[in-house]
Amino acid sequence: MSAERVAVVGAGLMGSQIGCEYALGGHTVVWIVRDPERASARVEQALSLALEHGLAEAPAVAAARMRMDYGTEGELDLIVESLPESLELKAAVLGELCARHPQAILATNTSSIAISSLGEAAGVAERIVGTHYWNPPLLMPLVEVVAGDRTRVELRERVAALLQGIGKRPVILDHEVPGLLWNRLQLAVLREALWLVEHGVATPQAIDEVMRDGLARRWRLTGPFETVGLGGAPTFDAIAENLFPVLSDARAGSGFAAHVPGDPQLLAALRERRDEALAAELRDERATEPRDERVPYIDRSI
């Protein structure tokens, strides 16, 4: 894959790491931000994360810095959007930028706004692709890739190839759906977890333990459908017949704030433990799976 000139719009936690991955992957990155000084600090934090966890060596980080620019657009091949989740904000910023670069593909990191709606609002319905990363992007290898209703299919494939080239594993969706895959699954579990807490069935700590050391421990090795295959579809059909009617269908609860850890030191320790474990797994994966042999997982189920 040839080097591209990539604009990254927004350099928050997500955008800063996404842009660094493109720069580390050999592409020129133009940061389009309101506050270049603040953005530069976040970018340095992202590069330090890659160095700290052995995902990039010092010479590669130095070379990545040389491929970064703040504000000088030039001719762009790809525009990566990572702005707050507001259709109006995204459309206003991206509409103007995309109009100046009519050949550039727009890759949006939104997970809750319809790709097609954003494409229409920004005037780029035929050249918008959803690329949904997971936090923290540098340590999570998968990226959901989906086209809008009017997006040219070949652009979706081109973006998937670009992602492969920088070491990501694109999960290609054939149809757009609110929340895509990750957030639909995540929010379905969170809705049930919140219902269980609010109805006094279990504490948040007990639910975290069951998910972290139970379901997640097993699902890490076999996904939900593979697990059903191992346990037997008739068994799971019987369980579903009993449980599906009584699972939570709540539209909203009292909210998560009362049930999540609030101690900054505890959260910092959790983040450190998470990042170290994710980085170790990613290093092992990259060491045993050559980049040029990765094949995107094509999802045909929705």
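Ala, Val, Leu, Ile, Met, Phe, Trp, Tyr, Cys and Pro count as nonpolar, Asp, Glu, Lys and Arg as charged, and the others, Gly among them, as polar. The model is predicted, so local features need pLDDT of at least 70 and side-chain atom pairs count only at pLDDT 80 or more, while totals for chains, interfaces and linings use all residues. Residues are numbered from 1 along each chain as its sequence is written, and side-chain values use heavy atoms, with hydrogens and water left out.

**Stop 1: a pocket.** Select Leu13, Gln17, Leu49, Arg271 and Asp275, which lie nearest the centre of the second largest pocket among its 17 lining residues. A pocket is an open set of points on a 1 Å grid over the protein atoms alone, where a 1.4 Å probe fits, with protein on both sides within 12 Å along at least five of seven lines; lining residues have an atom within 4 Å of a point. Next, show helices H1 (13-24), H2 (36-52) and H11 (264-288), the elements that each give two or more residues to this lining. H11 supplies the largest share, six residues. Colour the lining by class: five residues are nonpolar, five polar and seven charged.

**Stop 2: Asn135 and Pro136.** The peptide bond from Asn135 to Pro136 is cis, with omega near 0°. Pro136 sits in the loop between strands S6 (128-132) and S7 (142-147). Helices (H or I, at least four residues) and strands (E, at least two) are DSSP runs, numbered from the N terminus.

**Stop 3: Leu180.** Go to the loop between strand S8 (169-173) and helix H7 (182-198), where Leu180 lies. Leu180 is not a glycine, yet has a positive phi of about 55°.
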